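Here's a quick walk through the model you're about to look at. Keep the viewer open and follow along.

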Amino acid sequence: MAWYDHAIIYQLYPKSFQDSNGDGIGDLNGIRARIPYLKALGITAVWLNPVFTSPQVDNGYDVANYYAIDPTMGTMADMDALIAAFHAAGIHVILDFVLNHTSDQHPWFQDALRGADSLYRDYYIFAGHEGKRPSNWGSFFGGSVWAPDPSGSGQSYFHLFDRRMPDLNWANPEVRHAMGDVADYWLQKGVDGLRLDAFIHIAKAKLDQDFPDAVPAATPVLAEPFYANLPQVQTWLRPFCRRLKTDYPDVFLLGEAASANVNLAAAYTAPDAGLMDSVVTFRYFPDDLSGLDPQLPTQYQEHPLDLPAFKQTQAVWQQTLAGLAQPTLYWSNHDMPRLGTRVAHSAQQAQSLAMLMYLQRGLPIIYYGEELGLTNLQLPDAAAFGDPTVTAFVTEATAAGMTPEAAVKLVSTTHKLPARGPMPWDDGAQRGFTTGTPWLTGAAAPVASVAAQAADPTSSLAFYQQLIALKKRPLFQDGDYHLLTTAETSYVYTRQLGSALAVVAVALGATTTVTLPQGHYHALLTSGAVHLAGPQLTLGEDAGVVLIREGAIE
Ligand code: GLC
Ligand code: CA
C-alpha cells in the first residue's frame, strides 16, 4: 500500500490562493501561510499548478526554465520552505510537470531557432518547406498547429497549444532523457508526486498528412487521432516512468489524460503497465447537447451535464478499474467551469454531488474553493479572457442577435478562466486574498468567506470537512463498490468491507425513492431532505445521504 492509494488531493491554483506581497498574484509564501487551513480541511496532498519560470502566456504551462521558480511566485528558497512546511503538516506535494512542450523563451527553443546546425533543433518538431504548412491539423488554442520558423528557414514548427508553446520532440531520446533529469531534480528535492501534463499528446502521427474532414483542406481542423493517445506515448513514457519509480519508489505519477476513454485509462494505469498510478480523464462528464441554439457557435454555449449518461459513465469507470487502479474523482479543475456554475444549481445540490463523487472508489481531487461553493467569476468584457476564441465567439454571437453583454456573460459561465478566481478568505478588502488588485477580477456570486464558513457548522466548508473525514474511513478507501439498480432519477451505490456496508444515495433531480438492501441503517451525512422509513428511503430534490448498516464492524 503506497501513501497515494489513500490520498485526498487538493488542487491549488497558486496564482489565486493567497498573495503575500500585495502584487495581486498569489505566491508560495501565501500558500505556506494557509497550510493550517488545508490541514483543518483534512486533505492529505496538494497538487500545485505550475510555478516555474514562465512568460505566463498560459498561466505557467509555458515553462522557460524547469529548474527555477517564477519570480511572481517567489524564490527557490521559498519553494524549499513550502515543501518542508507541507511535509511537517503531513501533506504530500504533487507538482505539475509540463512535458509535452516548453515556452518559446526556453533556451532549448531559442537555440533551436539558430537553424539546422543547432544541437537543439531536433528537441522540437520542425517540418515543411517554403513556408507551407505540412498539414491541416488544428491547435487546441485555435488556428493551425504549425507556425512559421521565425528565423526564416521556410520550415514550420509544431505547437499543439499556443504558438508560443512549441511541442517537444519526444521521438528524440535526448529529449526523453532531459525531461527525466528535470523530474529527477524535483523528486530529489523531496516532492512526492508529479502530474504529467498533457502526456497523451507526446506522440504524433506522420506529420505531412491532412486529417480527412469535411471542411476545405486549408482550414485547420482538430485532428486528435493524429496526436492523442498514439501507441508511442506508452513506448516512450514506460522507461521514463520506470526510471522515476526505480529511483523514487514512493513517487506518485498522476497523468492528465483528457481524451482517454476507460480502456486507455486502464492501459495507462494497470500495475503491470509500468506507467502511471492514476489518470484524470475529461470523459467523466457527458454533455446534453439537445438544448443548443443552432444560431450560435457551440463552443461557449452551456453544455449541461447529461445526468443519466453521467451515472452510467461513473459506474463503468468504477467497474472497469476495480482491482486494477485508482480512478481520480473530481468535479472541476482549472480547465473547466466550476461545479457550482457548470452543474449544480444550488449549494445543496453541489454538496450532494460532492458526496456522490468522492465516496466512490478512488482519489478525490478537490479544486480550491469548491469546498466553499465558489462559482465562476463574471468577467467584464471579451478582452478580459485574453483568448482569441472568445473574441470570435462574441463576434459571431452578436451577429446572430445576442447583445455583447449577454455573450460575455454566457462565456463567463462556460470558459476556463473565470474558474480561476481569487480565494475569498475573509470579508475585508479583496476578501483577504491580496492588499493590491487581484490579477483576475470580475463580479463574483456572494459566496461566504472561509472565515464566515469556518464559524458556521451548516456551511459548505463544514460539509466538506465531514465528507473528507468520512472518506478517510477504511470502508470508503478500500471497500468494494457496487451499483444498486434504481430509477434513472437516482445514483445509489454501496461500499462494502468485510461485514461493514454503507449506502450512498443521491437524487439526480426531483424527489425519488429507493429500496435499501436488508438491514437497519443510520445516516452519517445528509444533504437536503432525506426520510428513512424501514427499507424505503425518500430523497428530496437533489438530496443525498450516506447510510451505514448497523451492527457490523468496519
Ligand atoms: C493542460 C493544462 C492546461 C494547459 C495545457 C497546456 O491541459 O491543464 O491548463 O493549457 O495542458 O499545457
Ligand atoms: Ca504575490
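## Ground rules

Buried means under 20% relative accessible area, exposed means over 50%, and partly exposed lies in between (1.4 Å probe, protein chains only). This is a predicted model, where local features need pLDDT of at least 70, side-chain atom pairs count only at pLDDT 80 or more, and totals for chains, interfaces and linings use all residues. Residues are numbered from 1 along each chain as its sequence is written, chains are lettered from A and ligands numbered from 1 in the order in which they are written, and side-chain values use heavy atoms, with hydrogens and water left out.

Asp19 and Ile25 are both buried.

## Overall build

With 554 residues, a compact globule would have a radius of gyration near 24 Å, and the chain's 24 Å agrees; the radius is taken over C-alpha atoms, and the globule rule is 2.2 Å times the number of residues to the power 0.38. Of the 554 residues, 56% count as buried.

## Two domains

An automatic or database domain assignment sets the bounds: domain 1 covers 3-101 + 172-205 + 215-467, and domain 2 covers 479-549. Their centres, over C-alpha atoms, are 30 Å apart. The contact (heavy atoms within 4.5 Å) takes 20 residues from domain 1 and 23 residues from domain 2.

## Nonpolar cores

A nonpolar core is a set of buried Ala, Val, Leu, Ile, Met, Phe, Trp, Tyr and Cys residues joined through side-chain atoms within 4.5 Å. The largest one has 159 residues, and Tyr10, Met179, Phe199 and Leu237 touch the most other members. This core draws at least three residues from each of domain 1 and domain 2. A second, separate core of 16 residues includes Ala382, Phe393, Ala397 and Val411.
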